Amino acid sequence: MPSTQTLRVGLLLYPGCMPAGLLAFADLLHAANRRAGQRLFETQYVALAQGPVDCAHGLRLPAQGTLARGEVDAVLVPGFWSESGEQVAAALDENAGLIAALGRLDKRVMVWSYCTGVCIAAAARRLDGHSATVTWWLADAVRARFPRVEWQVERTGVFNERNATASGVNGYLPIAQSLIEQRLSREAYRDLTRLMVLPRPERTHQAFQAVSLVAQPNRLMARLHDAAERLPAGEATVERLARELDTTERTLARKVLAASGTPAAAWVRRIKLNQVSERLIHTSAPASTISAELGFSSDAGMRRMFKELTGMTTVQYRQAFGRV
């Protein structure tokens with residue numbers, strides 16, 4: 001059952017942060033409250049100290065509360081303007097006090113972050129031992145700087161019990177989506193986005209255009225997608241996934257075929273190869289490293305399956321779609 005208890009969300013302000021996503025996030029939660037007919041969410045701006053905070057682009061916003069006062073159940077960390085790894089490192093140094101305050105938060109407080117704000121959450125050690133994602137051009141830098149985080153940069157959003165991370169300046173959207181779907185309904189979020197949100201185009205090979213998590217037509221397919229991404233490729237069998245989803249192989253195969261037009265084993269293989277695709281696009285890691293990280297039993301086998309699906313070698317694919 002969806003929760004009816006009010007969730008108090010702190011929208012974090014700090015010098016130089018980009019607040020547009022915070023404003024939009026607050027609007028979405030306000031709309032969700034209106035849709036539900038009750039106060040599911042309560043938002044307030046928080047910072048190291050109460051008072052006005054000079055954000056990016058000359059915008060000044062008032063912080064109504066502080067991190068130290070513990071008045072929130074969750075904190076949303078926005079990104080800051082940066083064009084290089086060096087600028088990210090400088091911003092982390094400049095916000096050392098904020099990072100320390102985030103690190104001191106009670107572990108029960110959820111920390112959600114997006115865009116370069118993920119680096120602040122990582123520096124506060126709130127992502128250690130958890131999976132996380134980050135904006136694509138920072139992939140190599142964060143892997144080197146924060147090795148205790150299980151980086152999954154091929155994913156646009158990663159959600160754990162006490163933290164969430166999303167890539168890009170619009171990364172607040174998948175976080176809001178997950179939150180509203182959990183506490184209200186999937187249908188409610190769909191209604192809200194029809195009225196409030198324009199879709200983002202994504203450049204990728206046509207073989208993977210129907211495989212994204214947000215494109216899945218129902219809850220079972222979304223759960224299958226999530227489970228298949230989490231499992232090593234060598235373990236992501238229909239038998240194992242049926243157990244993960246508490247169903248039978250026969251039922252899973254039938255529903256996947258009906259939803260996708262593709263046999264279940266081939267659909268799962270496409271999900272894993274989509275992860276390969278995303279890492280080829282967003283990181284400079286060698287294909288052999290990607291194959292090992294994603295749990296393929298054979299690098300040669302992964303390359304063969306990838307070429308069969310896309311018609312391109314991993315080198316050709318990176319040349320055509322890569323951004324690094």
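Biologist: Which residues does N95 touch, not counting residues up to four places away in sequence?

Modeller: Ground rules first: this is a predicted model, where local features need pLDDT of at least 70 and side-chain atom pairs count only at pLDDT 80 or more, while totals for chains, interfaces and linings use all residues. Residues are numbered from 1 along each chain as its sequence is written, and side-chain values use heavy atoms, leaving out hydrogens and water. N95 is found in the loop between α2 (85-94) and α3 (96-104); helices are DSSP runs of H or I with at least four residues and strands are E runs of at least two, numbered from the N terminus. Taking contact as heavy atoms within 4.5 Å, and skipping residues up to four places away in sequence, N95 touches Y14 and P15.

Biologist: Is N95 buried or exposed?

Modeller: Buried means under 20% relative accessible area, exposed over 50%, and partly exposed in between (1.4 Å probe, protein chains only). N95 has a relative accessible area of 8%, so the call is buried.

Biologist: Now the sheet: which strands stand at its edges?

Modeller: 7 strands make an open sheet with mixed pairing, ordered β5-β2-β1-β6-β7-β11-β10. Two strands count as paired if DSSP finds at least two bridges between them. The edge strands each have a single partner, so one side of each lacks a neighbour in the sheet: these are β5 (65-66) and β10 (157-159).

Biologist: In β7, which residue is the bridge partner of A74?

Modeller: Start at β1 (residues 7-12), which runs parallel to β2 (residues 41-47) with 6 bridges joining them. β1 also pairs with β6 in the parallel sense over 3 bridges, and there V9 has A74 as its partner. From β6, 4 bridges lead on to β7, again parallel, and in β7 the partner of A74 is M110.

Biologist: Which residues of β6 are buried on its two faces?

Modeller: In a regular strand the side chains alternate between the two faces of the sheet. Helix α1 (residues 20-36) lies across β1, β2, β6 (74-77) and β7 (110-114), and helix α6 (residues 172-183) also packs on the sheet, with β6 among the strands it touches. Both faces of β6 are covered, and the buried residues are A74 and L76 on one side and, on the other, V75 and V77.

Biologist: How far apart in space are L12 and V46, C-alpha to C-alpha?

Modeller: L12 lies in strand β1 and counts as buried at 0% relative accessibility. Its contacts beyond four places in sequence include V46, A47, V75 and L102. L12 and V46 are 34 residues apart in sequence, but C-alpha to C-alpha the spacing is 5.0 Å.

Biologist: How many disulfides are there in the whole structure?

Modeller: A disulfide is a pair of cysteine sulfur atoms within 2.5 Å. The sulfur closest to that of C115 belongs to C119, and it's too far for a bond at 8.7 Å. C115 is buried at 7% relative accessibility, and C119 at 1%. Searching the whole structure, the number of disulfides comes to 0.

Biologist: Last one: at what angle do α8 and α10 pack?

Modeller: L220, M221 and L224 in α8 meet L252, K255, V256, A259 and S260 in α10. Helix α8 (residues 219-230) and helix α10 (residues 249-260) have their axes 10 Å apart, axes being lines fitted to C-alpha atoms over the stretch in contact and angles running from 0 to 180 degrees between N-to-C directions. The packing angle is about 105 degrees.
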